[in-house]
Amino acid sequence: MEKLINDFSFGLFFWQAIILLILIVLLVKFAWKPIMESITAREEGIRDAIASAETAKKEMMNLKADNQRLLDEARAERDTMLKEAREIKEKMIADAKSEAQIQGAKMIEQAKASIESEKNAAMAELKTQVSGLSLEIAEKLLKGELSNKESQTVLVEKMLEEVKLN
């Protein structure tokens, strides 16, 4: 540092100052405007990039909100569809149970009617057999009693007495 102060020359200083001034004038004349334009363009580019980023951020937020809304709607629709499916299933089960009960009741009624008709048929057949046996027994008795003249008279008198009583 001392060496610089001891070797100081006013002429050198003067020419260096003039060269510096000329350099500044040339820079202002030719380079300042393009440099300032590029700085301004860069500032505008940065502002545009920030604005685009904020716009993209807003769009992303809107898309995220829309996606969430669509998901909520889809979930609600799914829940509604599941609820409807459960209701339809329960209705189908209830209808099937009801139909089964109706069919069971019909089958029971048919079985009862079939049993009753078979019972009546059996009773009719039994009556027919009993009446047939009764006729055979009566015929054998009458043959036995009518073969004797005296017993025929007694039987006729007895019947006449019964008729008079009634």
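How much accessible surface does the protein chain have, and what share of this surface belongs to carbon and sulfur atoms? The accessible surface comes to about 15,600 Å², of which 65% belongs to carbon and sulfur atoms, with areas taken from the Shrake-Rupley method with a 1.4 Å probe and, for residues, only the protein chains shown counting as cover. This is a predicted model, in which local features need pLDDT of at least 70 and side-chain atom pairs count only at pLDDT 80 or more, while totals for chains, interfaces and linings use all residues. Residues are numbered from 1 along each chain as its sequence is written, and side-chain values use heavy atoms, with hydrogens and water left out.

The protein chain has three helices and zero strands, where helices (H or I, at least four residues) and strands (E, at least two) are DSSP runs numbered from the N terminus. The radius of gyration of the protein chain, taken over C-alpha atoms, is 65 Å, well over the 15 Å that the globule rule (2.2 Å times the number of residues to the power 0.38) gives for 166 residues, so the chain is more spread out than a compact globule. Along the principal axes, the C-alpha atoms fill a box of roughly 195 × 30 × 25 Å. Within this chain, Leu71 and Lys127 are 56 residues apart in sequence and 82 Å apart in space, C-alpha to C-alpha.

Of the 166 residues, 1% count as buried, a term that means under 20% relative accessible area, whereas exposed means over 50% and partly exposed lies in between (1.4 Å probe, protein chains only). Ile24, placed in helix H2 (residues 10–146), is partly exposed at a relative accessible area of 41%, and Leu71, also found in helix H2, is partly exposed at 43%.

Turning to charged side chains, the structure holds six salt bridges, each defined as a side-chain nitrogen of Lys or Arg within 4 Å of a carboxyl oxygen of Asp or Glu. Glu73 pairs with Arg69, their closest N and O atoms being 3.0 Å apart; because these two residues are four apart in helix H2, about one helical turn separates them. Arg75 and Asp72 meet in a salt bridge at 3.6 Å, N to O, and, being three residues apart in helix H2, are likewise separated by about one helical turn. Arg78 forms a salt bridge with Asp79, with the closest N and O atoms 3.1 Å apart. Salt bridges that share partners also join Asp66, Arg69 and Glu73 into one network.
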